[in-house]
Amino acid sequence: MARTFVIGDIHGAYRALRQCLAKSKFDYSTDHLICLGDVADGWPETNQSIEELLKIKNLTYILGNHDWWALQWMETGEIEDVWYAQGGKATIDSYTDGVPPAHVNFLSTALHYHKLDNRVFVHAGIDPDTPLEQQDKRTFLWDRTLATNALDLYVHEHVQKLTPFDEVYLGHTPIPWPHPVYSNGVWLVDTGAGWAGVLSMMDIETKEFFVSDPVPDLYPGVEGRKRFR
């Protein structure tokens, strides 16, 4: 049977992406991969990472804040200083022969969120008290409130679910564990691949994790990245 996986923020770590796909024995023709955004910025291989994702037949790609920055550059050529300093330089450098139109289309057609049954997949967060269709892009791409609340409760206590959904899967907010964690209906899947952590991928039904090596070990000689916004 086809399986459905979710993967956290890749941030140009193509080697980590390949590891996760291999460890999970992911089938590019039948399995479904939901990416929580931020394929761009940080490690040297944004170009290669997008190219790999384009090989997957059943891919759901959710836009991240770094993807939004990268897309502005792809479409206009303008380089925002904060983006350049927060990993954008590595994305620019990965496209030595220019940006393929397929990569621009990949990011320009990305979703702000994905709903599957009563599960929601989004890059940064949602407002649990507002219908999804009434929320704005900034919440989906930037807001850490839900992630922060889930982290606080994971450490201290367990209460009722934080949202009306069965599960919400979040990237964007790196966690200090080398695997996704669950707290009160929220899965936190960004395990820090963008700077000093690992990339994590998970079967959403069995909850089995597939985790890369620490990303700095996969790019020896590349300077460590600052923690991203």
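1. Basis. The model is predicted, and local features need pLDDT of at least 70, side-chain atom pairs count only at pLDDT 80 or more, and totals for chains, interfaces and linings use all residues. Residues are numbered from 1 along each chain as its sequence is written, and side-chain values use heavy atoms, with hydrogens and water left out. Helices (H or I, at least four residues) and strands (E, at least two) are DSSP runs numbered from the N terminus.

2. Helices H1 and H2. Two packed helices are described by the angle between their axes and the distance between the axes. For helix H1 (residues 14–23) and helix H2 (residues 46–53), the axes come within 8 Å and cross at roughly 30 degrees. Axes here are lines fitted to C-alpha atoms, for helices over the stretch in contact, and angles run from 0 to 180 degrees between N-to-C directions. H1 and H2 are therefore roughly parallel to each other (angles under 35 degrees count as roughly parallel, over 145 as roughly antiparallel, 65 to 115 as roughly perpendicular and the rest as oblique). On the H1 side the contact (heavy atoms within 4.5 Å) uses Tyr 14, Leu 17, Arg 18 and Leu 21, and on the H2 side Gln 48, Ser 49, Glu 52 and Leu 53. The residues of this contact divide into 4 nonpolar, 2 polar and 2 charged. In that division Ala, Val, Leu, Ile, Met, Phe, Trp, Tyr, Cys and Pro count as nonpolar, Asp, Glu, Lys and Arg as charged, and the others, Gly among them, as polar.

3. Helices H3 and H4. The axes of helix H3 (residues 65–76) and helix H4 (residues 81–94) come within 10 Å and cross at roughly 70 degrees. That makes H3 roughly perpendicular to H4. His 66, Trp 69, Ala 70 and Trp 73 of H3 meet Val 82, Trp 83, Gln 86, Thr 91 and Ile 92 of H4. This contact divides into 6 nonpolar, 3 polar and no charged residues.

4. The five-stranded sheet. An open sheet of 5 strands has the order E4-E5-E6-E8-E7, with mixed pairing; two strands pair if DSSP finds at least two bridges between them. Strand E4 (113–116) and strand E7 (181–183) stand at the edges with a single partner strand each, so one side of each has no neighbour in the sheet. The twist averages 20 degrees from one strand to the next.

5. Strand E5 and its partners. E4 and strand E5 (residues 119–122) run antiparallel and are joined by 4 bridges, with Lys 115 opposite Val 120 in E5. The hairpin of E4 and E5 has 2 residues between the strands, and Asp 117 there takes a positive phi near 55 degrees. E5 is also joined by 4 bridges to strand E6 (residues 167–170), and these two run parallel; Arg 119 stands opposite Glu 167 in E6. Both faces of E5 are covered: Arg 119 and Phe 121 on one side, and Val 120 and Val 122 on the other, are all buried. Buried means under 20% relative accessible area, exposed over 50%, and partly exposed in between (1.4 Å probe, protein chains only).

6. Strand E9 and its partners. Strand E1 (residues 4–7) is joined to E9 by 3 bridges, and the two run antiparallel; Ile 7 stands opposite Met 201 in E9. E9 and E10 are likewise joined by 3 bridges and run antiparallel, with Met 202 opposite Phe 209 in E10. From E9, Ser 200 and Met 202 point one way and Met 201 and Asp 203 the other, and all are buried.

7. Positive phi angles. Most residues other than glycine have a negative phi. Asp 41 has a positive phi, near 80 degrees, and its place is in the loop between strand E2 (32–35) and H2. Asp 41 counts as buried, at 0% relative accessibility. Lys 207 also has a positive phi, of about 65 degrees, and lies in the loop between strand E9 (200–203) and strand E10 (209–211). E9 and E10 form a hairpin with 5 residues between them, and Lys 207 is in the turn. Lys 207 is partly exposed, with a relative accessible area of 24%.
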